[in-house]
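Thanks for making time for this one. I would like to walk through a few regions of a single model, and I will give the cut-offs as each term comes up.

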Amino acid sequence: MKPTVVFLGAGSVVFTRQLLADLFGYDDLPELRVVLHDVDRGRLDVARGTAEQVAERFGRHPELVATLDRREALDGAAFVVNMVQIGGIDATRVDLLLPAEVGLRQTIGDTTGVGGVFRGLRTFPFLSGVARDMAELCPDALFLNYTNPMAMNVWWMSVVAPQIRTVGLCHSVHWTVHGLCELVGVPMEGTHFRAAGVNHQAWLTEWSRDGEDLYPRLREVIAADPEMERRVRVEIFRRIGYYPTETSEHSAEYLGWFLRSDAAVERYRLEPLEYLGISEANVAEFESARAALAEGRPLELEGGAAEYAPQVIHSVLTGTEREIHANVVNPVGAPLIDNLPEGAVVEVPARVDADGVHPVAYGSVPAAGAALNRTYLSVAGLTVEAARTGDPELVRRAVLVDANASSTLSPEQIWALCDRMTEAHADLLPRALGGRLDVDLSV
């Protein structure tokens with residue numbers, strides 16, 4: 001029987017294309033059954049055309065299925081890759097523009113803060129539905145989540161469906177090290193690196209090549225170029241002592257240091273609302289892919305197996321051992337990171353083999369980094385608890401403890417903003433939280 005790999009939200013065709021290119025790049029995989037699911041027929045058709053072209057270009061012959069029916073897609077799955085963005089670009093516009101109207105700047109708005117909180121709240125009902133279907137149709141499958149807010153979504157799955165093997169995957173650690181190696185002039189191949197903390201705010205605690213610690217080289221490069229001190233990540237590195245694993249654009253909105261004033265925005269060369277342009281570019285890329293397929297032109301591919309989901313699938317199906325970085329629950333009683341809250345979701349190195357993904361016990365992350373991580377996890381934890389209990393006050397408190405929001409808005413303004421956000425997203429939020437969605441969040 002062919003192993004089944006399911007892509008939920010396959011209409012995110014650029015990401016689907018990259019994942020399939022990485023997956024089909026392995027020449028030792030068995031024949032696969034690849035199932036593409038989306039709720040938009042037009043996007044699903046483009047996803048199928050993309051998959052057919054990528055498979056042909058790699059000389060692969062998977063069984064390809066495209067379906068609008070989620071239960072049909074999940075039946076018998078071995079791997080479920082989640083890329084769904086509930087609400088799409090219209091919801092993203094609300095997440096960014098509505099707070100901006102009251103003076104709260106965000107750059108991306110998909111991980112924490114007010115944008116991340118409401119993105120999580122509208123994603124949880126979908127995840128509960130997927131978990132119910134998986135428990136019935138593919139209880140042994142690996143659920144590989146890419147959808148942001150990563151920590152909140154993996155945390156939610158651990159609450160409503162702890163029996164589902166859920167792993168959150170993000171390429172931020174890989175590309176952080178890739179960029180740093182280019183900056184200091186060493187090849188990434190052969191570099192040893194490890195990071196730990198929380199998604200988009202893990203700390204690169206090990207980074208060496210041939211036994212040489214590469215941090216001194218990085219400090220020399222920074223010292224030689226004063227303009228580098230105008231980057232958010234460099235400032236965090238200077239103050240915390242370890243490099244954070246997400247871009248300056250992301251990292252700026254996780255703290256209260258960078259977006260609170262016009263002067264700070266200018267100093268750190270930030271572009272508030274940047275994700276709107278990125279989202280619009282993604283829509284344009286989808287249209288470009290649709291046109292290319294209609295005209296029989298080749299799609300642009302990037303190889304290199306940089307994404308973790310194909311690596312996990314390859315390891316499980318072939319027994320190849322490797323190490324990745326994964327987002328998983330910090331177990332109660334046996335924490336992977338002992339100075340972050342048990343039961344929360346953390347990002348740590350993980351060994352992958354034929355039996356699945358095995359997180360590595362990391363010990364402690366740097367104390368100052370852990371302090372910042374705990375604020376981030378407080379936002380996530382309050383959001384999860386708000387959805388679990390149906391308590392709308394916890395939604396407001398989640399935004400209140402966010403460093404960026406509280407550096408700009410008063411508590412009264414935060415409550416008023418959350419009221420407006422709730423009404424704007426009402427069709428996607430549960431009734432208990434002020435929305436209009438009749439949904440059972442339990443599993």
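What covers the buried residues of H9 includes helix H7 (172–184), strand S8 (201–209), helix H8 (215–223), strand S10 (243–244), helix H10 (248–251) and helix H14 (367–389), where covering is a matter of contact, that is, heavy atoms within 4.5 Å. This is a predicted model, in which local features need pLDDT of at least 70 and side-chain atom pairs count only at pLDDT 80 or more, while totals for chains, interfaces and linings use all residues. Residues are numbered from 1 along each chain as its sequence is written, and side-chain values use heavy atoms, with hydrogens and water left out.

Helix H9 itself spans residues 232–240, and seven of its nine residues are buried: Val232, Arg233, Val234, Glu235, Ile236, Phe237 and Ile240. Buried here means under 20% relative accessible area, exposed means over 50%, and partly exposed lies in between, with a 1.4 Å probe and protein chains only. Helices are DSSP runs of H or I with at least four residues, strands are runs of E with at least two, and both are numbered from the N terminus. After H9 comes Gly241, with a positive phi near 100 degrees.

Let me turn to the annotated positions. Which residues does the UniProt annotation "binding site" cover? The record, an unreviewed entry, gives Asn148 and Arg267; its positions are in the numbering used here, feature names are shortened, and annotations may be inferred rather than shown by experiment. The two are spread over 120 residues of sequence and also in space, up to 28.1 Å between C-alpha atoms. Asn148 sits in the loop between strand S5 (142–145) and H6, and it counts as buried because its relative accessibility is 14%. Its side chain makes a polar contact of 3.1 Å with that of Asp110, a polar contact being a pair of N or O atoms within 3.5 Å; within protein, one must be able to donate a hydrogen and the other to accept it, and residues adjacent in sequence count only if both atoms are side-chain atoms. Arg267, by contrast, belongs to helix H11 (residues 262–267) and, at 41% relative accessibility, counts as partly exposed.

Two other buried side chains reach backbone nitrogens. Gln106, in the loop between helix H4 (88–101) and helix H5 (113–137), has a relative accessible area of 3% and is therefore buried, and its side chain reaches the backbone nitrogen of Gly115 at 3.0 Å. His325, in strand S11, is likewise buried at 3% relative accessibility, and a polar atom of its side chain lies 3.0 Å from the backbone nitrogen of Ala195. Leaving aside neighbours within four places in sequence, the contacts of His325 include Leu169, Val173, Phe193 and Tyr308.

Finally, the second largest pocket has about 220 Å³ of space, and elements giving two or more residues to its lining are helix H6 (150–160), strand S6 (165–168), strand S11 (322–329) and strand S13 (356–359). Of its 15 lining residues, Pro162, Ile164, Arg165, Thr166 and Val167 lie nearest its centre. A pocket, on a 1 Å grid over the protein atoms alone, is an open set of points where a 1.4 Å probe fits, with protein on both sides within 12 Å along at least five of seven lines, and lining residues have an atom within 4 Å of a point. Points are joined across faces, edges and corners, and the volume is the space filled by probe spheres set on them.
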